[in-house]
Amino acid sequence: MPPPSTAAAVSSIIRPTPPPAVSFHPVPLPQIRRRSSAGAAAASRLAVARAAASGARGGGDAETVFFDGGAHYGDLAANLLLGLTLLWLPLTLAAVSRAFILRYRFTSRRVTVVSGLSGADRTDFPYSSVTSVVVVPRFVGEWGDIVITLRDGTKVDLRSVPRFREVADYCRSMAAAEGSLVVS
């Protein structure tokens, strides 16, 4: 049997200490008011007025999306496989960044390229500014690059686009309808 002083020390370690005293003061919450039907109608009229002021159109002039997506998944898979060699590692990092950061959107009015970590870098251009569209197939034609030349001489390079032939043909037809495509 241990001496009494040791037993008291052991029991004080095992015994839990009481929690600190905490007091709660209730805070009154603000009252939630329900909107009347007249208020809801006014809010919907305000939303319609804002949409009209921003240039949004309804009906037949609506912007339709032809293609919305990122880089082809095969590009990422092939580069990850080849990334096992140290020589291919920079190209693998580029493919990973394309897969997670880059988005392409082809609509009936414009081409949009969204990039950047937060998607803050956005490039939009209408089909009326497109002068030529060139495709470069990659990996036996599974995916490809599209190079779009604009009126001011800027070349927009879209890498690893899935269904690149269909997308390029759509871009050419929309630019031809706008009358800006240079036929060579």
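A residue counts as buried when its relative accessible area is under 20%, and as exposed when that area is over 50%, with partly exposed in between. By that cut-off Tyr127, at 1% relative accessibility, is buried. Keep in mind that this is a predicted model.

**Aromatic pairs**

- Searching the whole structure turns up four aromatic pairs.
- One of them joins Phe66 and Tyr170 in a stacked arrangement, with 4.1 Å from centre to centre and 5° between the planes.
- Phe66 belongs to strand β1 (residues 65-69) and Tyr170 to helix α5 (residues 164-178), so this pair ties together parts that are 104 residues apart in sequence.
- Tyr170 is buried, at 15% relative accessible area, whereas Phe66 is partly exposed, at 31%.
- Tyr127 and Tyr170 make an edge-to-face pair, because their ring centres are 6.3 Å apart and their planes meet at 85°.
- Tyr127 sits in the loop between β4 (121-126) and β5 (130-138), while Tyr170 is in helix α5, so the contact links parts that are 43 residues apart in sequence.

**Cluster and charge**

- Phe66, Tyr127 and Tyr170 together make up one aromatic cluster.
- Over the ring of Phe66 sits the charged end of Arg163, 5.6 Å from the ring centre.

- Leu91 is part of helix α4 (residues 89-101), and its relative accessibility of 44% makes it partly exposed.

Definitions and conventions
Residues are numbered from 1 along each chain as its sequence is written. This is a predicted model: local features need pLDDT of at least 70, side-chain atom pairs count only at pLDDT 80 or more; totals for chains, interfaces and linings use all residues. Side-chain values use heavy atoms; hydrogens and water are left out. Helices (H or I, at least four residues) and strands (E, at least two) are DSSP runs, numbered from the N terminus. Buried means under 20% relative accessible area, exposed over 50%, partly exposed in between (1.4 Å probe, protein chains only). Rings of Phe, Tyr and Trp (its six-membered ring) pair if their centres lie within 6.5 Å; planes under 30 degrees apart count as stacked, over 60 as edge-to-face and the rest as tilted. A charge sits over a ring if NZ of Lys or CZ of Arg is within 6 Å of the ring centre and within 35 degrees of the ring normal.
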